[in-house]
Amino acid sequence: MSGSYDDAVGVEVSSDSFWEVGNYKRTVKRIDDGHRLCNDLMNCIHERARIEKVYAQQLTEWAKRWKQLVEKGPQYGTVERAWCAFMSEAEKVSELHLEVKGSLMNEDFEKIKNWQKEAFHKQMMGGFKETKEAEDGFRKAQKPWAKKLKEVEAAKKAYHAACKEEKLAISRETNSKADPALNPEQLKKLQDKVERSKQDVLKTKEKYEKSLKELDNATPQYMENMEQVFEQCQQFEEKRLRFFREVLLEVQKHLDLSNVASYRNIYRDLEQNIKTADAVEDLRWFRANQGPGMSMNWPQFEDDEWSADLNRTLSRREKKKASDGVTLTGINQTGDQVSQPNKHSSVSSYEKNQSYPTDWSDEESNNPFSSTDANGDTNPFDEDTSPAMEVRVRALYDYEGQEQDELSFKAGDELTKMENEDEQGWCKGRLDNGQIGLYPANYVEPIQ
C-alpha cells in the first residue's frame, strides 16, 4: 500500500486518524496483507522460472535447427565454424538459464514458502493467530478510552440540547412581553421555563466538561497501550520487509548472469571463434579442393597393347558422346590438398562423369571396321550389340538423383535394370513410369 508520510504527525486530527475508534484495523489488515504478499512474490518467481525454462528450450531448438542448416548448406571453412559457434553459445546459455530456473524454484521459491509457514499460523476457526493477537491487543487498549469517549459524546449531545432549549425559552418569553393577551400567570410560566433551561445548561455543561476531563486524563494511557500494540505489529512487519529485501537480492544474484564466470567465458570463446574466421584461408581451401588447384591426369600417349586392357565396351549412348569430341582420361584426386569434411554423402553424376575411359574413339565414315558401312549394312565382324537382358531389381535404400540424368527412388521401389554396372559402379535403368536414367548399382538387388 503506497502513501505519503507527514513529519507533523498528530498536528492535524481527522476522522481518518489512527487514534479514532476502529481505525487500528488498517494495521491489523497489514498482517493479512503480508501473507498474501508472500503468495504474490512466490507466484512472481514461479512465473519468471517458467519463462527461463521456455527460453532455454527455444534456444536449444534454435541451435539444433540452425546447426543442421549451416552444416548442410554451402558455407564452408573457418566462416562455417564461426557461424556454428553461435549455436554452441546458445546451447551453453540454455544450460545456464535452466540453472537459473532451478535456483529460482529450489532456493528462492522454497525459502519464501518456508518463511511464510513459520511466520503465519492458521487457526482452526480461520484467519491467522498473529492477526487475532493484534486485533485483541488493539481492542483491549482502546476499550476504556472508547467507553469514556462515548460518555463525552452523550454529555455533549445533552449540553447542546439544553442550550437549544434555553434559547427557545428566552425567545418565547421575549415574544410574550409584546403580547397583551397573555395574563401574568402565563407570563410567569414562561419566565420559570427560562430559569429551568438555564439551570439545565449549567448542569449539562458541568457534566460535559467533567466527562471530557476524564477522557483527557485517560488519553495518555490509551495512547501508551495503543503504541505498545502498534509497535508489536511494526516489529512483525519489519521482519517481513527485511526478509523480502533479502530474497529479492538473492533473486537478483540468480538472474544476473554477468557475474557468472562460465557465462563470461561463453562470449569470450564466441568472440575468439569469430575472429579465427579467415577469408584468405577459406578461399585457398576452395581453390585447392574445388577450383584450379585440383590435380588432373591430363591425356597422354598410350600404346595399343594397353588400350585393349584399359578400354571397355562403350554403350551406344557413350559412343554417341565420344563422337562429339575428345574424351578426357579419368581424373584422380591426388596431391597435397587441404582436407575439408564432405557436406554430401552421395556421389553426384557430375563427380562420376569426371572419370573417363583411358582411350577415345574416332568414328569415321571410311572406317572399314565400323558398325555400319557406307551402304548402311552392318559389319559382320562386329560383336553382338543387342541390348543386355533387362532385369527387375528392388531398391535397398532411398536415393535422390543429383543430376538430370539420374533416377530417384525410395527403398522398396522396383525398377528395371537395362544395362549392367559400368566401371564407375553405375547402372542404367527404367522406372515403372517410363523414366530412364542412371543409379548406383549397390543401391539395388535383383528380385528373386
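The model is predicted. The chain has nine helices and five strands. Starting at the N terminus, the order of elements is α-α-α-α-α-α-α-α-α-β-β-β-β-β. The structure holds 20 salt bridges.

**The chain as a whole**

- The chain has 448 residues, and buried residues make up 29% of them.
- Its accessible surface comes to about 31600 Å². Carbon and sulfur atoms account for 52% of that surface.
- Take the contacts between residues at least 6 apart in sequence: 72% of these join residues at least 24 apart.

**The sheet**

- Five strands form an open sheet. Their order is S4-S3-S2-S1-S5, and the pairing is antiparallel.
- Strand S4 (436-440) and strand S5 (444-446) are the edge strands. Each of these two pairs on one side only.
- From one strand to the next, the twist averages 50°.
- Strands of a sheet pair through backbone hydrogen bonds, in parallel or antiparallel fashion.
- Strand S3 covers residues 426-430. Five bridges join strand S3 to S4, and the two run antiparallel.

**Salt bridge: glutamate 246 and lysine 111**

- Side chains of opposite charge can pair when their charged atoms come close.
- The side chains of glutamate 246 and lysine 111 meet in a salt bridge, at 2.7 Å from N to O.
- This pair links distant parts of the chain, 135 residues apart. Glutamate 246 sits in helix H4 (residues 184-255), and lysine 111 sits in helix H2 (residues 77-119).
- Buried or exposed, or in between? Glutamate 246 is partly exposed, with a relative accessible area of 38%. Lysine 111 is also partly exposed, with a relative accessible area of 29%.

- Arginine 430 returns here: its side chain meets that of glutamate 390 in a salt bridge, at 3.3 Å from N to O.
- This pair also links distant parts of the chain, 40 residues apart. Arginine 430 is in strand S3. Glutamate 390 is in the loop between helix H9 (349-352) and strand S1 (391-395).
- Arginine 430 counts as partly exposed, at 24% relative accessibility. Glutamate 390 counts as partly exposed too, at 43% relative accessibility.
- The side chains of lysine 428 and glutamate 419 meet in another salt bridge, at 4.0 Å from N to O. Glutamate 419 counts as partly exposed, at 29% relative accessibility.
- Some salt bridges share partners: they join Lys25, Lys132, Glu135, Asp136 and Arg139 into one network.

**A buried charge without a salt bridge**

- Glutamate 89 lies in helix H2.
- Glutamate 89 is buried, yet it has no salt bridge.
- Which side chain of opposite charge is nearest to glutamate 89? That is lysine 92, 9.7 Å away.
- Which residues is glutamate 89 in contact with, leaving aside its neighbours within four places in sequence? They are Ile266, Tyr267 and Leu270.

How values were computed: Residues numbered from 1 in each chain as written. Predicted model: local features only at pLDDT ≥ 70, side-chain atom pairs only at ≥ 80, totals over all residues. Heavy atoms only, no water. Pairing = 2+ DSSP bridges. Helix = DSSP H or I, 4+ residues; strand = E, 2+ residues; numbered from the N terminus. Axes fitted to C-alpha atoms, helices over the stretch in contact; angles between N-to-C directions. Buried < 20%, exposed > 50% of the residue type's maximum accessible area, 1.4 Å probe, protein only. Contact = heavy atoms within 4.5 Å. Areas by Shrake-Rupley, 256 points an atom, 1.4 Å probe, with all protein chains shown as cover. Lys, Arg positive; Asp, Glu negative; His and termini not counted.
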